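Please examine the sequence and the three-dimensional structure shown below.

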Amino acid sequence: MNTQTTAAVAAYTLTTGRLFGTAAAFLALAGVVLGVLALIRPAAARRRAMLALATGAAGLIVGGFVVGLAKGGPGTGYGVVGGWAALAIGLVATVLGGLALARSRRPGTPV
């Protein structure tokens with residue numbers, strides 16, 4: 001029987017998985033900021049909404065890859081926490097971008 005144990009990595013060690021997970025979470029967070037700005041400021045709302053959709057989707061995709069390729073749980077250095085955060089924040093960014101895009105397409109709303 002082949003049993004593998006994954007050794008925990010030091011908390012401050014920046015591994016490739018942690019780097020990608022953190023970058024995806026920050027990318028998705030930028031999408032949330034753009035989505036909120038598109039909702040509260042009507043000037044250039046369509047462009048901000050499209051950017052929020054794009055960055056949210058990118059955060060979802062990269063976060064999904066990080067979580068999908070991880071071989072261990074939190075604390076193993078695979079970036080699982082950042083990946084799950086990117087998935088959650090990317091979903092919020094995508095929803096906000098979609099709402100802002102739908103609002104910018106309504107007749108009678110300033111563009």
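The model is a predicted one, in which local features need pLDDT of at least 70 and side-chain atom pairs count only at pLDDT 80 or more, while totals for chains, interfaces and linings use all residues. Residues are numbered from 1 along each chain as its sequence is written, and side-chain values use heavy atoms, with hydrogens and water left out.

Helices here are DSSP runs of H or I with at least four residues, numbered from the N terminus. Helix H1 covers residues 16–40 and helix H2 covers residues 45–69; their axes are 8 Å apart, and the two pack at an angle of about 155°. Axes are lines fitted to C-alpha atoms, for helices over the stretch in contact, and angles run from 0 to 180 degrees between N-to-C directions. H1 is therefore roughly antiparallel to H2, a term applied to angles over 145 degrees. The crossing of H1 and H2 is left-handed, meaning that the near helix is turned anticlockwise from the far one by less than a right angle.

Contact between residues means heavy atoms within 4.5 Å. On the H1 side the residues that meet H2 include Gly 17, Phe 20, Gly 21, Ala 24 and Leu 27; on the H2 side they include Arg 48, Thr 55, Gly 59 and Val 66. By class, this contact of H1 with H2 comprises 15 nonpolar, seven polar and one charged residues. Ala, Val, Leu, Ile, Met, Phe, Trp, Tyr, Cys and Pro count as nonpolar, Asp, Glu, Lys and Arg as charged, and the others, Gly among them, as polar.

How do H2 and H3 cross? Their axes come within 7 Å, at an angle of roughly 155°, so H2 is roughly antiparallel to H3. The crossing of H2 and H3 is left-handed, and their contact has 16 nonpolar, 10 polar and two charged residues.

Helix H3 spans residues 80–105 and contains Val 81. Val 81 counts as exposed because its relative accessibility is 56%; exposed means over 50% relative accessible area, buried under 20%, and partly exposed in between (1.4 Å probe, protein chains only). Val 81 and Gly 21 are 60 residues apart along the chain, with 7.4 Å between their C-alpha atoms.

Thr 94 also lies in H3 and, at 23% relative accessibility, counts as partly exposed. Leaving aside neighbours within four places in sequence, Thr 94 is in contact with Leu 53, Gly 56, Ala 57 and Leu 60. From Thr 94 to Met 50, the C-alpha separation is 9.4 Å, across 44 residues in sequence.

Terms used
Angles under 35 degrees count as roughly parallel, over 145 as roughly antiparallel, 65 to 115 as roughly perpendicular and the rest as oblique.
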